[in-house]
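Have the sequence and the model open side by side for this one.

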Amino acid sequence: MDIVHDGNLAARILLTLATIGYGVITVKADFNRTHAANPAWTPPARFHVVWQILSYVGFGLIALALIWVPGPYAVERLYLASALAAVVYGAFFLALATMSIYGGCTYDDNGYQPFTLNIGRPRLMDLNVSVFSVISLLLIAGTVLISRGVG
């Protein structure tokens, strides 16, 4: 059975979206004056963000191959692609939860500013937290759909 008709098409699409989130969108979000070319950042900080971005691109390419290239162990490869994404997003949320330990913050004056969500009372929302929360839900849904024949 080919990969389009094996019952995992919906899972593949959702896992692809999760992969694009860390393997493509981060390039757009971080290779600019808010991050990698931010003159207020120290050179080592810029080096580390570029290293991180390029690592995510590499992991993303591996994940996309695991998701879409036909071959044996199709279900296992989908779980592995899901695990790669879970490591990236899980590390983000772990770093978020432990910011008080290392003095972190989700934004600075030279970067992406929080936006106001006007549902009920106005709330300041961080762009990364908002986007990664939605993408994490797509990842969870895609993982749940693996091998369920929903496709």
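First, the ground rules: the model is predicted, with local features needing pLDDT of at least 70, side-chain atom pairs counting only at pLDDT 80 or more, and totals for chains, interfaces and linings using all residues. Residues are numbered from 1 along each chain as its sequence is written, and side-chain values use heavy atoms, leaving out hydrogens and water.

Start with the salt bridge (a side-chain nitrogen of Lys or Arg within 4 Å of a carboxyl oxygen of Asp or Glu). The count by that rule is 1, and it joins Arg 12 to Asp 6, N to O, at 2.9 Å. Arg 12 is buried at 1% relative accessibility, while Asp 6 is partly exposed at 23%; buried is under 20% relative accessible area, exposed over 50%, and partly exposed in between, with a 1.4 Å probe and protein chains only.

Now jump to Arg 77, in helix H4 (residues 74–97); helices here are DSSP runs of H or I, at least four residues, numbered from the N terminus. Arg 77 is buried too, but has no salt bridge: the nearest side chain of opposite charge, Glu 76, sits 6.9 Å away. What does the side chain of Arg 77 reach at 2.7 Å? That's the backbone oxygen of Val 69. Setting aside neighbours within four places in sequence, Arg 77 also has contacts (heavy atoms within 4.5 Å) that include Ala 65, Leu 66 and Pro 70.

Finally, look at Ile 13 in helix H1, partly exposed with a relative accessible area of 42%.

Methods
Helices (H or I, at least four residues) and strands (E, at least two) are DSSP runs, numbered from the N terminus. Lys and Arg count as positive and Asp and Glu as negative; His and the chain ends are not counted. A polar contact is a pair of N or O atoms within 3.5 Å; within protein, one must be able to donate a hydrogen and the other to accept it, and residues adjacent in sequence count only if both atoms are side-chain atoms.
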